[in-house]
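Let's take a friendly walk through a protein together.

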Amino acid sequence: MKDAEEQLLAAMGELLRIKNECSCSVFSECGLSDMTVKQIAYLKVIDEQGEVTFSRLAEITGTSKPTVTEMINKFVRMECVYRERCPDDGRILYIRLTDKGRMIAQAE
């Protein structure tokens, strides 16, 4: 029984190693090997929410709107997100993931 548990733990460890290696590979391919955990978390939230505004993202992440704006501006420069105006109310801006941003958000 103990031998089976050890084999299972070893297999799980190897799977985790491979998963991390694949995630690092995705980030490197995108030129984002130095992306922080917090930045990845932002992208994951945007991916999960679908239609998310700056205010809503600030609320979800517990940060200020200026902090969210700064992060989104950085993501725009990295080509991970883009802004899209609401067709019904031009004052509202949605944050959308690019293909690159979606790939990063879903990498892990």
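## Starting with one arginine

Arg102 counts as partly exposed, because its relative accessibility is 32%, a value that falls between the 20% and 50% cut-offs. Keep in mind that you are looking at a predicted model. Arg102 has a charged partner: Asp99 forms a salt bridge with this arginine, and the closest N and O atoms are 3.3 Å apart. Asp99 itself is exposed, with a relative accessible area of 64%.

## More salt bridges

How many salt bridges does a search of the whole structure find? The answer is 5. One of them joins Arg96 to Glu84, with the closest N and O atoms 3.1 Å apart. This pair links distant parts of the chain, since Arg96 belongs to strand S3 and Glu84 to strand S2 (residues 81–85), 12 residues apart.

Is Arg96 buried or exposed? With a relative accessible area of 16%, Arg96 is buried, because buried means under 20%. Another salt bridge is the one in which the side chains of Asp89 and Arg91 meet, at 2.8 Å from N to O. Arg91 counts as exposed, with 71% relative accessibility.

## The overall plan

Now let's step back. The protein has 5 helices and 3 strands, and along the sequence they follow the pattern α-α-β-α-α-β-β-α. Among contacts with a separation of 6 or more, 52% are between residues 24 or more positions apart.

The protein has 108 residues, and 30% of them count as buried. Its accessible surface comes to about 7,100 Å², with 54% of that belonging to carbon and sulfur atoms.

## Inside: the nonpolar core

Which residues touch the most other members of the largest nonpolar core? They are Leu43, Leu57, Ile72, Phe75 and Val81, out of 21 residues in this core. At least two core residues come from each of these elements: helix H2 (37–49), helix H3 (54–61), helix H4 (65–77), strand S3 (93–97) and helix H5 (99–105). H2 gives the largest share, 5 residues.

Leaving aside residues up to four places away in sequence, Phe75 touches Met35, Gln39, Tyr42, Leu43, Cys80 and Val81.

Leu8, Leu9 and Met12 make a nonpolar surface patch of about 330 Å². Met12 lies in helix H1 (residues 2–29). With a relative accessible area of 46%, Met12 is partly exposed.

Terms used. Residues numbered from 1 in each chain as written. Predicted model: local features only at pLDDT ≥ 70, side-chain atom pairs only at ≥ 80, totals over all residues. Heavy atoms only, no water. Core = buried A, V, L, I, M, F, W, Y, C linked by side-chain atoms within 4.5 Å. Buried < 20%, exposed > 50% of the residue type's maximum accessible area, 1.4 Å probe, protein only. Helix = DSSP H or I, 4+ residues; strand = E, 2+ residues; numbered from the N terminus. Contact = heavy atoms within 4.5 Å. Patch = residues over 30% accessible without salt bridge, like charges linked within 9 Å, V, L, I, M, F, W, Y side chains within 5 Å. Areas by Shrake-Rupley, 256 points an atom, 1.4 Å probe, with all protein chains shown as cover. Salt bridge = Lys/Arg side-chain N within 4 Å of Asp/Glu carboxyl O.
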